[in-house]
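Me: I'm new to this one and would like to learn how to read it. Could you walk me through it?

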Amino acid sequence: MPRPTPRVAGPGSGGFGRGRHPGGHRGCRPLLTAVTVADDVVTWAGFEQSHRPAHDYRGFGTLTFARPDYDRALRDLVAALGGSC
């Protein structure tokens with residue numbers, strides 16, 4: 001199976017970056033992953049950190065979340081940050 005290509009999030013990108021430098025700079029050396037969204041599950045796979053290309057993240061495996069739980073967690077996060085979705 002080919003490895004998914006991680007990308008930084010944007011509308012329709014299918015991926016996202018997660019990371020924040022201790023100095024507070026958003027996106028500084030983010031951990032990247034490919035995100036696959038299906039009707040019943042959301043899957044994160046192919047973790048990568050572009051500033052450390054030799055680092056092996058295969059030990060993270062593939063993370064799979066039940067779609068209703070994932071959607072609820074995102075809504076809760078957005079609400080906690082003062083937004084809406």
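**Reading the salt bridges and the helix**

Reply: Let's start with one side chain: Arg72 is partly exposed, at a relative accessible area of 40%. Keep in mind that this is a predicted model.

Me: Which residue does Arg72 form a salt bridge with?

Reply: Its partner is Asp69, and the closest N and O atoms sit 2.6 Å apart. Asp69 is partly exposed too, with a relative accessible area of 45%.

Me: Why are Arg72 and Asp69 separated by about one helical turn?

Reply: Here's the general idea: an α-helix has 3.6 residues a turn, so residues three or four places apart point the same way. In this case, Arg72 and Asp69 are about one turn apart because they are three residues apart in helix H1.

Me: What about Asp71, which residue is its salt-bridge partner?

Reply: That's Arg67, with 3.0 Å between the closest N and O atoms. Both lie in helix H1, four residues apart, again about one turn. Asp71 is partly exposed at 25%, and Arg67 is partly exposed at 24%.

Me: How many salt bridges are there in total?

Reply: The count is three. One of them pairs Asp56 with Arg58, closest N and O atoms 2.7 Å apart. Asp56 is partly exposed at 44%, while Arg58 counts as exposed at 69%.

Conventions: Residues are numbered from 1 along each chain as its sequence is written. This is a predicted model: local features need pLDDT of at least 70, side-chain atom pairs count only at pLDDT 80 or more; totals for chains, interfaces and linings use all residues. Side-chain values use heavy atoms; hydrogens and water are left out. A salt bridge is a side-chain nitrogen of Lys or Arg within 4 Å of a carboxyl oxygen of Asp or Glu. Buried means under 20% relative accessible area, exposed over 50%, partly exposed in between (1.4 Å probe, protein chains only). Helices (H or I, at least four residues) and strands (E, at least two) are DSSP runs, numbered from the N terminus.
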